[in-house]
Amino acid sequence: KSFENILFWSKSQMQGISVNPVAVNVHRAIKEVLAFHQQSIRAKQLAIDLQLAETLQVRCDANQLQVVFRNVISNAIKFSHKEGAVHISATREEGSIYIRIRDEGVGIEEKELRKILNRNIQFTRIGTTNEKGTGLGLILSRKFIQANRGTFDMESAPGVGTTIIICLPEA
């Protein structure tokens, strides 16, 4: 995953981000990523609360969306406590689809959250069971969502958890 992030990031830095927008089924894309992370989910005994219609579709680059979902869901797992929960929901609002991925993990201080949201600063933290990361995942995810005419926001509080809010055009 980290190697893939580095490759995508390097390519985007050298060539710019090219986007091939298609209709992507959000439910199917998330289920594929959850299957990819099944071992980590089982190891932490996490409950996955999936609240989204099977028919919601966004218009974006399918490969870039997969990278975003893998990064965001990986972080939700990484920073969740054992036997915690990850909540994934999606809603349709005025021609857009809002996807929320929320963990009940360690959360992030406001000062650190600003660092993460500043796209020029790479920020790395160790997960609740010493999982390592490069800090590139969220930077790359945010760039990909913005390149696909969407928004990428975070809300967090220490001890409460983190919510990633992705908004993309509805297909």
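**Sheet and helix packing in the predicted model**

In the predicted model, Ile-101 is positioned opposite Ile-164 of strand 7. Strand 7 (residues 161-169) and strand 5 (residues 96-103) run antiparallel and are joined by seven bridges. Both strands belong to an open sheet of five strands, arranged in the order 2-4-5-7-6 with mixed pairing. On average, neighbouring strands are turned by 15° against each other, direction ignored.

Helix 4 lies across strand 4 (85-93), strand 5, strand 6 and strand 7, and runs at about 30° to strand 5. Helix 6 also packs on the sheet, where it touches strand 6 and strand 7. The direction of helix 6 makes about 140° with that of strand 6.

Helix 4 (residues 62-78) and helix 6 (residues 136-147) also pack against each other, at an angle of about 140° and with their axes 9 Å apart. Their crossing is left-handed. Helix 4 contributes Gln-64, Leu-65, Val-67, Val-68, Asn-71, Val-72 and Asn-75 to the contact, while helix 6 contributes Gly-137, Leu-138, Leu-140, Ser-141, Phe-144 and Ile-145. Of the residues in this contact, eight are nonpolar and five are polar, and no charged residue takes part.

Terms used
Residues are numbered from 1 along each chain as its sequence is written. This is a predicted model: local features need pLDDT of at least 70, side-chain atom pairs count only at pLDDT 80 or more; totals for chains, interfaces and linings use all residues. Side-chain values use heavy atoms; hydrogens and water are left out. Axes are lines fitted to C-alpha atoms, for helices over the stretch in contact, and angles run from 0 to 180 degrees between N-to-C directions. Helices (H or I, at least four residues) and strands (E, at least two) are DSSP runs, numbered from the N terminus. A crossing is left-handed if the near helix is turned anticlockwise from the far one by less than a right angle, and right-handed if clockwise. Contact means heavy atoms within 4.5 Å. Ala, Val, Leu, Ile, Met, Phe, Trp, Tyr, Cys and Pro count as nonpolar, Asp, Glu, Lys and Arg as charged, and the others, Gly among them, as polar. Two strands pair if DSSP finds at least two bridges between them.
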